Amino acid sequence: MRFSFRKLFILAVFVICGSVANAQLPNEKFGKPSNLEWDFNGWGEAIDADAIILCKTMNATYQLSDQVENYNRTDIEVNWDNVLDFGKNQLDDSNILVRYEIGLRMKILKPEGAKHANIDITYFNADDEKVFNHDNLEDLKIKVFSKNEKGKVVSKKVDTSKFTTERVDDNYVVMHVVVPDVQAGSIIEYQYKITSIRPTYLYDWVFQESIPTVRSKCDIQIPAFLQFNMNVPINKLIKANVEVGHIAYDMNRPDLKKPKTCITNHYTIVGDYILPKGYALKRNPNKADGKDEAEAEEIAVFTSQLVKPEVTLPATMPAGSTHLRVK
């Protein structure tokens, strides 16, 4: 399975079992699989899958330096009254980082599903020795959970120091993550962080994988002075929401006052019980009529593309007053 990022794609299909709508969902907190996840073995068309993704999350937020300027002044807090003036002169992106926290929990259902435990993590790393121009992959942690003969849960940490990295083009490298000793019934958790030096670019988030996914969630806090086009699919499996948020910066103020805050557009996009493209039809090729086939092959694309690095109106609570655009 390739777990990559590049243009923030979200892929999904419309096929879903009717009973899934009210089903319980896995735990979004990592560190200990829930009893539900130990008992869960698929749903509907995915009941015979080799492996399933129980939970997959990405939290992304901007980190503003103490030196972020508001029209050449550093003493201004970005608020409702001055947000339209913020960044009018120039956006110094060297003072802005984006921090991603990614988590993935997978369950192996059959022996042949063990191959899905190996994933690829792709991140930006420019092939240029003259400049320091790369994102950092940090804090990679992998645990394999299993049950012994007495039904007790045991966990084992995977040594990540020997994973190989391969360059795929002039701008990206991929880390090949190999998880040994995976058996049917095992649950694997992957957690890592990426610190990005490119505030005007957002990584991909792929909702539709090569195996069924129970829950996939993307949570992004974007400063209101950066406007991205957000093209969200009309799809019953994916729900998108945006509201006003805040992030703190200027944490070490000499006057000992509270940190400054910046208004954000807080996007939350969630997909539940998503099958791979054409999965149901491949399992039941005689079942589909024209309509079913069209639905199964429908691809919903969610993209983030920077419009311009200057101030825009922040999201507001009333319907229709956001940057979400339906494609």
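Over which ring does the charged end of Arg198 sit, 3.9 Å from its centre? In this predicted model, where local features need pLDDT of at least 70, side-chain atom pairs count only at pLDDT 80 or more and totals for chains, interfaces and linings use all residues, the ring in question is that of Phe124. Residues are numbered from 1 along each chain as its sequence is written, and side-chain values use heavy atoms, with hydrogens and water left out.

The protein chain contains three helices and 15 strands, which are DSSP runs numbered from the N terminus (helices are H or I with at least four residues, strands are E with at least two). Of its 327 residues, 47% count as buried, where buried means under 20% relative accessible area, exposed means over 50%, and partly exposed lies in between (1.4 Å probe, protein chains only). Among the contacts of the protein chain with a separation of 6 or more, 81% come from residues 24 or more positions apart, a contact being heavy atoms within 4.5 Å. The chain exposes about 16600 Å², of which carbon and sulfur atoms supply 47%; these areas come from the Shrake-Rupley method with a 1.4 Å probe, and for residues only the protein chains shown count as cover.

Five aromatic pairs are present in the structure, under the criterion that rings of Phe, Tyr and Trp (its six-membered ring) pair if their centres lie within 6.5 Å, with planes under 30 degrees apart counted as stacked, over 60 as edge-to-face and the rest as tilted. One of them joins Phe124 and Tyr172, whose ring centres are 6.0 Å apart and whose planes stand at 75 degrees, so the pair is edge-to-face. Because Phe124 lies in strand E4 (residues 119–124) and Tyr172 in strand E8 (residues 172–177), this pair ties together parts that are 48 residues apart in sequence. Both Phe124 and Tyr172 are buried. The rings of Tyr201 and Tyr203, with centres 6.2 Å apart and planes at 85 degrees, likewise make an edge-to-face pair; Tyr201 counts as partly exposed at 22% relative accessibility, whereas Tyr203, at 1%, counts as buried. The charged end of Arg198 sits over the ring of Tyr203 too, 5.5 Å from its centre, a charge being placed over a ring if NZ of Lys or CZ of Arg is within 6 Å of the ring centre and within 35 degrees of the ring normal.

Ring pairs also link Phe40, Trp43 and Tyr273 into a cluster. Tyr273 is found in strand E13 (residues 260–274) and counts as buried at 3% relative accessibility; its phi is near 55 degrees, a positive value in a residue other than glycine. Asp181, which is not a glycine either, has a positive phi of about 55 degrees. Asp181 is placed in the loop between E8 and strand E9 (187–196) and is exposed, with a relative accessible area of 59%.

Strand E2 (residues 51–64) is mostly covered, with eleven of its 14 residues buried. E2 runs antiparallel to strand E3 (residues 96–108), to which 13 bridges join it, and two strands are taken to pair if DSSP finds at least two bridges between them. Within E3, Arg105 stands opposite Cys55. Strand E10 (residues 213–223) runs parallel to E2 and is joined to it by seven bridges, with Asp219 in E10 as the bridge partner of Asn59.
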